[in-house]
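Subject: A structure for you to explore

Hi there,

Here is the structure I promised to pass on. Please open it next to this email and take a look around before you read on.

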Amino acid sequence: MALEAAAQLAPVRGAARIDVLDILRGLAILGIFFMNIPFEGQTALVMLNRPQMIGWTPLDQWSWAFVEVALEGTQRGVLEILFGCGLMVLAARAMRPDGPVAVADLYWRRNLWLLGFGLLDIFVFLWTGDILHVYALAALFLFPFRLLGPRVLLALGSLFALGMAVSGVPLYVERVELVAAAPLIEKKVAAHQPLTRDEQAKQKDWQKLLERRATGGEDARKIREMEKKGHAGSWLAYAGMNIGFYIEFMLPELALTVAEAFCMMLVGIALWKWRVVQGGRSTRFYAILLLCCYVPGLIARAVGAHEALSPVPIAHSYWITQEPARMLVSIGHVALVNLLVRSGAGQAVLAPFKAAGRTAFSLYFLQQFIAIYILFAPWGAGLWGKLSWSGLYAVALAVLLFEVVLANLWLRMFAMGPMEWAWRSLAYVRWQPFRRTREPRLDASLAAA
């Protein structure tokens, strides 16, 4: 029976695809480039929440604020939701406890290969912020959860956001107390009054915060040194810088980012079971869901963006609200797309993004190649460190428009993108059709790429 089931496994074909999933995936994989390009085309010091340092004209301010509030983190949030949905598409034949083992084999094989592609992205394409290996690691634990009810899945999926919010409360309270105490301590120092031991400790902490705000602290020093060496001109130095950034700043946070992705994937499975992602609910439902998610989520993120611009250390509400707001806005994006595809105009506007969703894996790698090897490499166009926020996002928009056109032209001749073809051929352990036929063999469960 297992061998028979294995023989029947194949990617979902033509009409069996769900268009709204392709559109969501296409929009998300394109949108994620807006988050990536600042770290590819500018100094990594922007990681230290100092956005003004690379340009702050009105256009820079508006473009930065839009990406920070509407897009930052939510594009990977949508991809994580779709990854959970992809599991449900793939595992439809294994929903019973005694379902075919071949489906589970295929699922884990796909994600182990995805992990390999993620490592390729880090160590060959040199992209420090790769998401593929994160999704692969998170998805390895996901399969057994497919049988849980949507309420349980949503509760489990919300644990990470709840944990981040709770852990942010003590930090927020501590900073509020420090900000309130700092001017009083300064007055005592000016009046040559002795400080208590607690006040001395707070004075020292406040000075560290001021220094970090002004200079970036020890992390900024490391970043400057790594970038100076990395942009010296040789490929080895450039590779060493990018891989070094991953080891220094990303790898220590890997467990946390995998946990975040895993929980959002659980939310994706819950939304799939409630028929939310695939367009199975009413227009009224999506309108209410959009408002319930966007209103609190966008307000919290707008407040957080405003706080990030403070020239002095303050208490940041986003230490508490960041992850819950990211989750809400990500679901809001899903609701918005489902609302738009219900009208003829919306379908016409979003139709080109179906091709982007069907070639998302390839487009993701193409983005990294264009940015890291052509636009911002020491031997490339020489744009690294020269563009402000509006310039970076203008370049990103041009690249993404090119990718949308390329994807639509590509699928006229080919059944799938080259990276999709390699991944599926490896996962199914047999060559997949590459040239387009009357019924392209395209995989509706490609939610990670």
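Below is what was found in it, starting with the whole protein and ending with single residues.

First, some ground rules. This is a predicted model, in which local features need pLDDT of at least 70 and side-chain atom pairs count only at pLDDT 80 or more, while totals for chains, interfaces and linings use all residues. Residues are numbered from 1 along each chain as its sequence is written, and side-chain values use heavy atoms, with hydrogens and water left out.

**The whole protein**

The protein has 19 helices and zero strands. Helices (H or I, at least four residues) and strands (E, at least two) are DSSP runs, numbered from the N terminus. The C-alpha atoms fill a box of roughly 85 × 50 × 45 Å along the principal axes.

How many of the 449 residues are buried? The share is 51%, where buried means under 20% relative accessible area, exposed over 50%, and partly exposed in between (1.4 Å probe, protein chains only). Among contacts with a separation of 6 or more, 79% are between residues 24 or more positions apart; a contact means heavy atoms within 4.5 Å.

**Helix 19 and what follows it**

Helix 19 covers residues 418-428. Its buried residues are Met419, Glu420, Trp423, Arg424, Ser425, Ala427 and Tyr428. What covers them includes helix 4 (74-90), helix 5 (101-123), helix 16 (352-358) and helix 17 (360-375). Trp423 also belongs to an aromatic cluster with Phe117, Phe125, Phe361, Tyr364 and Phe365.

In the whole structure, 25 aromatic pairs turn up. Rings of Phe, Tyr and Trp (its six-membered ring) pair if their centres lie within 6.5 Å; planes under 30 degrees apart count as stacked, over 60 as edge-to-face and the rest as tilted. Trp421 and Trp431 make a stacked pair, with 5.3 Å from centre to centre and 5° between the planes. Trp421 lies in helix 19 and Trp431 in the segment after helix 19, so this pair ties together parts that are 10 residues apart in sequence. Trp421 is partly exposed at 26% relative accessibility, whereas Trp431 is exposed at 70%.

Trp421 also pairs with Phe434: the ring centres are 5.7 Å apart and the planes are at 55°, so this pair is tilted. Phe434 is in the segment after helix 19, 13 residues from Trp421, and counts as partly exposed at 27%.

**Two residues with a positive phi**

Most residues other than glycine have a negative phi. Val429 is exposed, with a relative accessible area of 60%. Arg275 is not a glycine either, and has a positive phi of about 60°. Arg275 sits in the loop between helix 12 (254-273) and helix 13 (283-308) and is partly exposed at 43% relative accessibility.

**One more pair to find**

Lys222 and Phe245 are 23 residues apart in sequence and 9.6 Å apart in space, C-alpha to C-alpha.

Enjoy exploring!
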